[in-house]
Amino acid sequence: MRLQEFGGQTMPFSKPTNGFRLHYLRSGEGRPVVLVHGNPGDNKEYSKLLPLLTPSADVVVPDLRGYGKSDKHLKDVGNAYALSGQVDGVIALIDELGIGNAVLCGYDVGSFTVQTIAVKRPDLARSLVVAPPTMGVGRRILEEEAVNAFLHAILYKTTLVEDLIDGKPDAVRAALKEHLQNWSAPGSTVVDELLDHLTENHSAPGAFVAGIMWFRFPEGNPITYYANEKKPDPADRFSKPITILWPDKDPLFPQEWSDNLSDFYSDYTLHFMKNVGHFSPLEAPDVWAEHILERVREA
């Protein structure tokens, strides 16, 4: 295992799983908390939240495959970048670290990652704190406003990414700025905090493609997933205690999409966040910390 030190925090790489190492940050002591970032992003998305948690929790923040400093292979990768593959990578890291009964947290692609981990390995999850996506959207994803908001999920399935964006720093920067600017709340500092960092991460040949591979698999692409979503039987609803933090300025997931949560979750708490956009861990770290620490105290 390779170790780095950054600001007093341990930043090693995991052992390879299916040929991929995960880069991660670990800091603090107490109940284990795992934070999984969104797209486009890496552990820096939790830079404001982390110091609020570490006095009370042992916090692990991995970079998913294709993001941050984690491996970004593109040849013979199978389903490594699909939701199921990303879940297997994070589970392997958690097992390697000897963590169990943790508070699992995430938003964007990280939200479905931690929810899937809790279903596949319930021993790893004591409870969850997430922001959208959640289950319950259904075929509303095909309505005009939703399709316009998720055009990136369509574009990323095409080779236009390879032809027009990947390996071209100016194009990478423009694509990232489009998302950071349009998905954050008015007056947010997300662009200033993430744009240079993410552009550097995704500008090398193959790096941008690796970061969008999630969307090329039906299980992770939000349009495909929600269009085929089925309401479960009541006994089969998601049963782990889960806190859902829902921003009011997120164009991807309007708050009215929270109306079907009880059809999919048997033990949930819903909290609406005010003046917060999609990148809520950066825009409202205090709200995240409040609810995560509440779950830590319960544990």
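**Reading terms against their definitions**

Tutor: Pro 133 is placed in the loop between β7 (125–130) and α4 (144–149). A cis peptide bond, with omega about 20°, joins Pro 132 and Pro 133. The model is predicted: local features need pLDDT of at least 70 and side-chain atom pairs count only at pLDDT 80 or more, whereas totals for chains, interfaces and linings use all residues. Residues are numbered from 1 along each chain as its sequence is written, and side-chain values use heavy atoms, with hydrogens and water left out.

Student: Which other residues are joined by a cis peptide bond?

Tutor: Asn 39 and Pro 40 are joined by one, with omega about -5°. Pro 40 belongs to the loop between β4 (31–36) and α1 (50–53). Names such as these denote DSSP runs numbered from the N terminus (helices: H or I, at least four residues; strands: E, at least two).

Student: What makes the protein as compact as a globular protein of that length?

Tutor: The protein has 13 helices and nine strands. Its radius of gyration is 18 Å, close to the 19 Å that the globule rule gives for 299 residues, so the protein is as compact as a globular protein of that length. The radius is taken over C-alpha atoms, and the rule is 2.2 Å times the number of residues to the power 0.38. Along the principal axes, the C-alpha trace spans about 50 × 45 × 40 Å.

Student: Why are α2 and α3 called roughly perpendicular?

Tutor: The axes of α2 (residues 83–97) and α3 (residues 109–120) cross at roughly 70° and come within 9 Å. An angle of 65 to 115 degrees counts as roughly perpendicular (under 35 roughly parallel, over 145 roughly antiparallel, the rest oblique). The two helices are therefore roughly perpendicular to each other. The axes are lines fitted to C-alpha atoms over the stretch in contact, with angles from 0 to 180 degrees between N-to-C directions.

Student: Which residues of α2 and α3 meet?

Tutor: Leu 83, Val 87, Asp 88, Val 90 and Ile 91 of α2 meet Phe 112, Thr 113, Thr 116, Ile 117 and Lys 120 of α3. Contact means heavy atoms within 4.5 Å.

Student: Why is Ile 242 called buried?

Tutor: Ile 242 has a relative accessible area of 0%. Buried means under 20%, exposed over 50%, and partly exposed in between (1.4 Å probe, protein chains only). Ile 242 is therefore buried. Ile 242 lies in strand β8 (residues 242–247), and its contacts include Leu 128, Val 130 and Tyr 265. The C-alpha atoms of Ile 242 and Val 130 are 7.5 Å apart, although 112 residues separate them along the chain.

Student: How do you know that Asn 201 is buried, and what does its side chain contact?

Tutor: Asn 201, in helix α8 (residues 190–202), has a relative accessible area of 15% and therefore counts as buried. Its side chain makes a polar contact with the side chain of Asp 42 at 2.8 Å. A polar contact is a pair of N or O atoms within 3.5 Å; within protein, one must be able to donate a hydrogen and the other to accept it, and residues adjacent in sequence count only if both atoms are side-chain atoms.

Student: Why does Asp 76 count as exposed?

Tutor: Asp 76 has 82% relative accessibility, so it counts as exposed. Asp 76 has a positive phi of about 55° although it is not a glycine. Asn 101 also has a positive phi, near 55°, but at 32% relative accessibility Asn 101 counts as partly exposed.

Key
Lists of a residue's contacts leave out its neighbours within four places in sequence.
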